[in-house]
Amino acid sequence: MMLAASAWLPEASSMAPEIDTLWWLMIGLCGLVSVGVFAVMFVFAVRYRRGSNADRSNRHTRSLGIELTWTLVPFAMFIGMFVWSLVLFARLHTPPAGSQTIYVVAKQWMWKIQHPGGQREINTLHVPLGQPVRLTMTSQDVIHSFYVPAFRIKQDVLPGRYTRVWFTATKLGRFNLFCAEYCGLDHSKMGGTVVVMRPADYARWLDRHAGPDSLATRGATVFRQRGCSGCHGANASVHAPDLDGIYGRRVHLADGSTVIADDRYIHDSIMLPDTQVVAGYSPIMPSFQGQISESDMLALIAYLKSTSAKASGSPATGGESTHEQH
Amino acid sequence: MSSIDAGESMAPSTPSFYAGGEGLMAWLTTRDHKRIGILYALTITVFFAMGGIAAAMIRLNLVEPAGLLDAETYNKAFTFHGVIMVWFFLIPSIPATLGNFLLPLMIGARDMAFPRLNLASWYLFVIGGLFTVSALLLGGVDTGWTFYTPFSTMFSNTHVILVVVGVFITGFATIFTGINFIVTTHTLRMPGMHWFRLPLFVWAMYTVSLVMVLATPVLAMTLSLIGLERIFGVGVFDPALGGDPLLFQHLFWFYSHPAVYIMILPAMGLVSEVIACFVRRRIFGYKFMTYSMVANAVIGFMVWGHHMFVSGMSVYASMVFSLLSFTVAVPSAIKVFNWTATLHKGDITFEAPMLYALGFVGLFMLGGLTGLMLAAPALDVPLTDTYFVIAHFHYVMVGGTVMAYLAGIHFWWPKITGRMYSEPLAKFSAILMFVGFNLTFFPQYILGYEGMPRRYHSYPPQFQVLNIFSSAGASILAVSYMLPVLYLLWSLRHGAAAGNNPWGARGLEWQTSSPPPEENFLHVPIVREAYAYDEPAP
């Protein structure tokens with residue numbers, strides 16, 4: 001093991017060099033301030049040590065000008081850093097159009113990955129070089145955190161909600177994936193690898209690992225097997241909302257409020273149906289808490305999304321970012 | 001020790017506060033603020049040793065990438081280390097010991113406003129400590145000191161409730177101390193001791209008390225909610241029960257960020273006393289120092305969200321919290337500049353308390369500056385929950401608060417005990433501590449940037465070299481903490497008599513005998529501006 005090999009972390013995503021620029025700028029500024037203050041302290045300590053013959057007349061004990069200077073100058077510098085950082089932070093939360101979505105379910109102590117084509121993997125994530133990838137993540141138990149140091153990204157993964165993170169990989173290779181939020185006994189073992197491949201290799205990898213069904217097709221199966229279609233299907237006798245094309249639409253609720261049918265709305269309507277009853281319907285739907293796994297939930301969402309895509313003719317992924325929380 | 005010659009004539013005839021009632025019961029039923037301060041000091045020393053042993057286990061484990069302990073033991077060790085060091089050492093450290101001892105002396109009072117409440121505070125502290133330590137003896141806790149939900153409420157199979165009850169009870173000890181300090185400062189200042197004559201240490205005690213009284217109840221509520229969910233299954237934080245895990249983080253950090261100021265404000269005040277004394281001049285920008293302490297206390301309440309930039313909190317909330325976090329760094333910067341400017345045209349000597357104080361300024365500055373990077377959301381994204389954060393808050397709390405605490409213990413030791421310790425040994429351990437501290441924690445900044453997450457029992461081998469540096473530093477640090485215990489105890493029997501004012505300091509506490517009599521002052525002390533070093537000592 002050589003120190004040189006680990007000396008600097010690779011910059012393997014499109015955001016990494018920009019974040020590092022701010023990092024080195026702040027290291028430089030803070031280093032300058034530290035060295036300056038240490039130097040002044042040292043000089044004063046030597047020059048004004050007891051017994052030295054330095055001039056001690058006209059000693060000041062206060063000066064409004066000096067105080068205001070070292071109040072306002074640092075403040076102005078801080079505002080500069082703040083603005084710079086915000087610009088980058090906003091971009092970290094704005095995936096480029098056309099990002100491909102991959103789904104992540106975290107649980108003690110593993111990462112389960114599902115690709116839209118139905119490919120599934122555990123603790124390894126294959127992604128194409130140079131193409132924006134967006135992860136929609138949730139947890140089946142406690143809070144975890146998806147952290148890839150080489151990409152300079154980190155996002156907590158919470159039970160009961162979807163969080164998102166995006167990156168564009170810019171270097172081929174294998175990079176560490178860590179869980180960064182303490183999650184119990186084997187927290188330090190909850191790691192994995194992100195494998196960045198050339199787009200052609202990635203396409204071949206997808207082909208080789210394609211499951212029998214795409215994620216949306218699997219969702220359609222879940223929709224039937226769990227009996228969702230019995231009430232929400234086209235020919236159902238029960239008075240329940242028709243879910244064809246529901247994704248991304250505006251829904252009026254019984255309490256008079258309006259919500260957008262996004263991932264979280266669909267998740268909560270299945271797990272906690274009493275909290276969001278659609279206007280004009282009775283609260284008769286049972287909760288599926290503990291019966292549907294988070295992976296199946298993601299498949300269901302992918303299925304509902306695909307019915308919306310057919311209805312509106314837009315691609316099934318991307319474009320829904322405006323009303324989701326990150 | 002030339003400074004002793006300058007001391008006033010000894011006053012051996014004055015009976016000190018140690019004289020009245022020497023049995024154990026006399027100490028356990030005392031209402032004398034000085035004795036309560038000493039009770040607290042002894043208790044937190046025991047807790048510091050316990051937390052230190054846990055730290056030693058952590059550093060030992062991390063010598064090997066695979067970990068020398070098993071994961072369960074390691075997780076319990078860092079949880080115990082955090083809980084004990086935060087609530088049973090750092091929070092009471094300066095206020096409950098030196099603050100208790102000195103606040104009435106510094107304002108010319110005979111005791112606290114509520115002496116019985118003061119003693120009750122110590123008892124609650126001990127009872128809370130017993131609950132927490134009993135959890136360790138019964139098998140430990142593995143949640144981390146932050147008790148994040150739903151792990152702490154629904155998933156951990158350890159003694160979470162015992163620890164939560166212990167911390168809950170201890171919180172009331174903090175609140176009692178805060179109430180006592182506020183009322184004492186308002187009502188018991190002697191004639192002539194108006195607000196802008198108060199030593200900065202008193203200002204620090206006053207502002208920290210405000211934070212204690214306003215923030216700690218929120219901790220009590222949050223811990224109660226943990227109990228409610230864990231014992232009765234009331235859905236507050238666990239989404240499976242309809243709760244929200246981020247609610248916990250908001251509540252927890254609403255207390256725990258101001259708690260950082262509970263730990264650092266007293267250190268800032270304390271170091272100002274020490275620096276003024278050994279530079280022998282008025283602290284530069286006294287009024288700005290007081291304003292900046294108040295600013296730290298107030299703005300410190302509005303920055304908790306910077307612990308949550310990657311938690312899933314709204315982007316807009318992150319922006320506001322980031323701006324406020326940069327803002328709260330300004331008053332801290334003002335203090336560093338003022339301490340530095342105080343050295344200008346001084347008459348400086350470098351006794352042990354001064355070395356500790358200068359060490360504090362340097363380490364606090366490095367801790368504070370790295371805090372700026374964590375306040376910038378785009379940098380916080382890669383850095384949070386890594387060793388960078390560990391290094392940052394150890395620079396502030398260990399490099400800052402613990403260094404300042406030891407500066408204070410050395411500075412007021414002659415006043416508290418009437419004895420001088422071995423100055424060369426004290427200087428040696430101050431320097432050793434500075435070196436050991438940097439060797440322990442500076443590598444952790446680099447580890448964090450390199451991507452090593454915190455709370456990892458095992459780690460990829462490329463992080464080993466820096467971890468070995470850190471563990472080596474920790475063993476030096478351990479020696480530098482044990483040395484003062486030895487030579488300070490030695491001084492109790494063999495140290496030279498200190499005299500009333502061995503340092504030639506100007507605070508009121510130096511105008512009475514060492515150790516002071518039970519009623520603090522036999523003669524009415526002369527009140528002047530704090531830090532009247534330009535005038536001869538009274």
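1. A word on terms before we start: two residues are in contact if their C-beta atoms, placed from the backbone, lie within 7 Å. By that rule, and leaving aside neighbours within four places in sequence, A135(B) is in contact with G140(B), V141(B), H159(B), L162(B) and V163(B). A135(B) sits in helix α5 (residues 115-137) of chain B; helices (H or I, at least four residues) and strands (E, at least two) are DSSP runs, numbered from the N terminus. A135(B) counts as buried because it has 24 C-beta neighbours inside 10 Å. A residue is buried if 20 or more other C-beta atoms lie within 10 Å of its own, exposed if 12 or fewer, and partly exposed in between, with C-beta atoms placed from the backbone. T216(B) is 81 residues from A135(B) in sequence, and their C-alpha atoms are 22 Å apart in space.

2. Please keep in mind that this is a predicted model, in which local features need pLDDT of at least 70 and side-chain atom pairs count only at pLDDT 80 or more, while totals for chains, interfaces and linings use all residues. Residues are numbered from 1 along each chain as its sequence is written, and chains are lettered from A and ligands numbered from 1 in the order in which they are written.

3. Here is chain A as a whole. Chain A has eight helices and twelve strands. Its radius of gyration is 27 Å, well over the 20 Å that the globule rule gives for 326 residues, so chain A is more spread out than a compact globule. That radius is taken over C-alpha atoms, and the globule rule is 2.2 Å times the number of residues to the power 0.38. Along the principal axes, the C-alpha atoms of chain A fill a box of roughly 100 × 50 × 40 Å. Of the 326 residues of chain A, 35% count as buried. Among contacts in chain A with a separation of 6 or more, 68% come from residues 24 or more positions apart.

4. Next, the two chains together. In all, 70 residues of chain A are in contact with 69 residues of chain B. On chain A, at least two residues each are supplied to this side by α1 (3-6), α2 (16-47), α3 (64-92), β6 (144-148), β7 (153-157) and β9 (173-179). The side of chain A that touches chain B has 40 nonpolar, 17 polar and 13 charged residues. In this grouping Ala, Val, Leu, Ile, Met, Phe, Trp, Tyr, Cys and Pro count as nonpolar, Asp, Glu, Lys and Arg as charged, and the others, Gly among them, as polar.

5. P382(B) lies in helix α13 (residues 377-383) of chain B, and it counts as buried, with 29 C-beta neighbours inside 10 Å. Leaving aside neighbours within four places in sequence, P382(B) is in contact with I19(A), P149(A), R152(A) and K154(A).

6. One sheet of chain A is open and has five strands in the order β4-β10-β9-β6-β7, with mixed pairing; two strands pair if DSSP finds at least two bridges between them. At the edges stand β4 (124-128) and β7 of chain A, each with a single partner strand, so one side of each is left without a neighbour in the sheet. β4(A) and β10(A) run parallel and are joined by five bridges, with P128(A) opposite M197(A) in β10(A). β9(A) and β10(A) pair in the antiparallel sense over five bridges, and G173(A) stands opposite V196(A) in β10(A). Two bridges join β6(A) to β9(A), which run antiparallel; here F146(A) stands opposite C179(A) in β9(A).

7. A second open sheet of chain A has five strands in the order β3-β2-β1-β5-β8, and its pairing is also mixed. Its edge strands, β3 (120-122) and β8 (163-168) of chain A, each pair on one side only. Strands β1 (residues 100-107) and β5 (residues 132-139) of chain A pair in the parallel sense over seven bridges, and the bridge partner of A106(A) in β5(A) is S139(A).
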